[in-house]
Amino acid sequence: MAEAQYSDPILDYISRILFEEEMGENFNEYQEAPNLHEIEKPFYDILKQKYPPNFPKRQPISTHLEANPDSADSPSKSSIQESGIESLSTLEFQSGVEEGMKFLPIIDKLVVDLQANMIENDISSNLKLDEKESRDNKGKRNGGRNVDLLEGQNRKLPMICYEEPIKDDTPDPLLYHGESYEREEISSLRETMRSKANPRGNKESHVDLLYLLVSCGNAIAINDQKIAYSLIKDIRKHASPNGDGTQRMAFAFINALEARLVGSGSESYRHLASKRLTTTELIKSYNLYINASPFFRVSYCFANHAILRAMEGSSKIHIIELGMSYGFQWPSLIQSLANNRKDEIVKLRFTGVDFPQMGFRPAERVEENGRRLKNYAESFNVPFEYQGIASKWEDIRIEDLKIEKDEVLIVNCLFQLKRVKDETFGLDSPRNKVLNLIRQINPRIFIRGVVNVTYGPFFVTRLKQALSQYSSTFDILETKVPRDNKYRENFEQSMACDIMNIVACEGSDLVHSPETYKQCHVRNLRAEFEPVPIDPDIVKVCKEKVRIFYDNRFFIEEDGYWLLQGWKGRVNYALSVWKPKL
């Protein structure tokens, strides 16, 4: 029972997202626009065809429910969700496609009328799937060359605009079925992790791959290509994407080292970054990792505890999260606000900040996550207001944050400031600009989480530090997760993309520049923040959770104002709370 209470807010929220993704990403129940006739008729006029007088009139699903709420023949809400979408929307969609195909040219010559602005999300998704299959087939014929670059020379796609979906009263199935969705899979995953994982960790590699990788890096640094190629050949004999943890890590690093040697680091990184996993795959991979290690759960628990303490006695709170990602931290806080309130209802304002995505919709993820959080908050009757910002963090202005005077302002930044460049890239540090902005908005507290590693300006030092950092993560997965788990493979592919950037890229192409918690402490002091003492109660809670639900090789310790988390003696993550100096 204790485990359920501890894990449910995060796992339930993950389950809701997975349920929604299974229903179809960005799927909205079909509703007829009132001016559809005016939009369709000009196409018939151009082709000199008569507009069909008996074109079927479509009724919104919610209209039928409202018209006959008590009728015995009226379908229930669940039946509308299960069969109504498939029977009404699918048939109507198919009939619309049949009519629309009369006007559509081949895909390569498709021109989108931006003023009409009536392309539905489902059509867009199908086009993306067809285009992806086409690229896959072309990739096979072109011998694995970068087909995206070839296609980019031949054509440019116009931006597709989307209308705001028409809101109806049909209940969101995500809110009603999400709590139990995927629960069996999560339980099965935990049982499989306990029964099949290798408790010894990385013990099967008899060759010192770490030494060989560092030696290869040294050879590349002095441009000794003969030795470098010889070491790459030796390492590849033992590295494998399907072996033990060390072999898998070596496989990712040797790919990055070879890309650096031949000068294709940036291109290789962009290629890996473009091979995006689906939202479902990403979330399931994340779910696997939070079940294998306590790092993120403890971080969320620590941060939310600090937020609840800071907002005591206030009825309005504004959280600015730098590094929105998928928002898994916030279901626990929303539940706490719903369960702990007395007579006064607390209003939650939320600003989610993230880096812009590649493509035509750079703010898609941050907006979608805001919608999900809003639905979640409404299910607990917590007043919720959201705005999303997809931008370089150093370009954000105070007025973009829409701060109000009567609210408690809190800034939360866990592990993502490493993606904002530091002094390594120039004296005018974007990272210091972000900290100065936080200081100017004067939050009540500023929660900071860091990945405890620093790469420095030199390649060999960066390689050694990255090997130390990622060997710990690969060892956790090797110890806790079966080797044939596909979501482990997805998570490792994501790490391989980061490794490619860290090892093979330089200058403006280098995305990651983390710093240790001691370096972060000095930087925050220079930015005129002062640390807040750690609440001993939350330390006890976090340690107890790790002791009960995780391996005793995970540890939680304190160092001054920092809460440290690690594995087998290595500090992986660190957390602290700060406030502006008076």
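**Note on the predicted model**

1. Leaving aside neighbours within four places in sequence, Asn304 is in contact with Gln329, Trp330, Ser332 and Leu333. The model is a predicted one, and the points below describe what was computed from it. Asn304 belongs to helix α14, which covers residues 295-310. Is Asn304 buried or exposed? Its relative accessible area is 6%, so Asn304 is buried, the limit for that word being under 20%.

2. How many cavities of 30 Å³ or more does a search of the whole structure find? The search finds five. The largest cavity holds about 80 Å³ of space. Its lining consists of Ile320, Leu322, Trp393, Ile396, Leu401, Val411, Val434, Leu437, Ile438 and Ile441. Two elements give two or more residues to this lining, β1 (316-322) and α17 (430-441). The largest share, four residues, comes from α17.

3. The lining of the largest cavity can also be sorted by class. Ten of its residues are nonpolar, and there are no polar and no charged residues. A student can check this against the names in the structure above, taking Trp393 and Val411 as examples from the lining.

4. The count of salt bridges comes to 30. One of them joins Arg248 and Glu492, with the closest N and O atoms 2.8 Å apart. Arg248 sits in helix α11 (residues 245-262) and Glu492 in helix α19 (residues 486-504), so this pair ties together parts that are 244 residues apart in sequence. Both Arg248 and Glu492 are buried.

5. Another salt bridge is formed by Lys579 and Glu530, whose closest N and O atoms are 3.8 Å apart. This pair links distant parts of the chain, with Lys579 in strand β9 (residues 570-580) and Glu530 in strand β6 (residues 529-532), 49 residues apart. Lys579 has a relative accessible area of 35% and is therefore partly exposed. Glu530, at 26% relative accessibility, is likewise counted as partly exposed.

6. The side chains of Glu364 and Arg361 also meet in a salt bridge, at 3.8 Å from N to O.

7. The backbone angle phi deserves a look at two asparagines. Asn223 is not a glycine, yet its phi is positive, at about 60°. Asn223 lies in the loop between α9 (209-221) and α10 (225-236). At 55% relative accessibility Asn223 counts as exposed, since that word applies over 50%.

8. Asn442 is the other asparagine to look at: its phi is near 55°, a positive value in a residue other than glycine. The loop that holds Asn442 runs between α17 and β5 (445-451). The relative accessible area of Asn442 is 47%, so this residue is partly exposed.

Notes. Residues numbered from 1 in each chain as written. Predicted model: local features only at pLDDT ≥ 70, side-chain atom pairs only at ≥ 80, totals over all residues. Heavy atoms only, no water. Buried < 20%, exposed > 50% of the residue type's maximum accessible area, 1.4 Å probe, protein only. Contact = heavy atoms within 4.5 Å. 1 Å grid on protein atoms, 1.4 Å probe; cavity = no way out; pocket = protein on both sides within 12 Å on 5 of 7 lines; lining within 4 Å. Points joined across faces, edges and corners; volume = space filled by probe spheres on them. Nonpolar A, V, L, I, M, F, W, Y, C, P; charged D, E, K, R; others polar. Salt bridge = Lys/Arg side-chain N within 4 Å of Asp/Glu carboxyl O.
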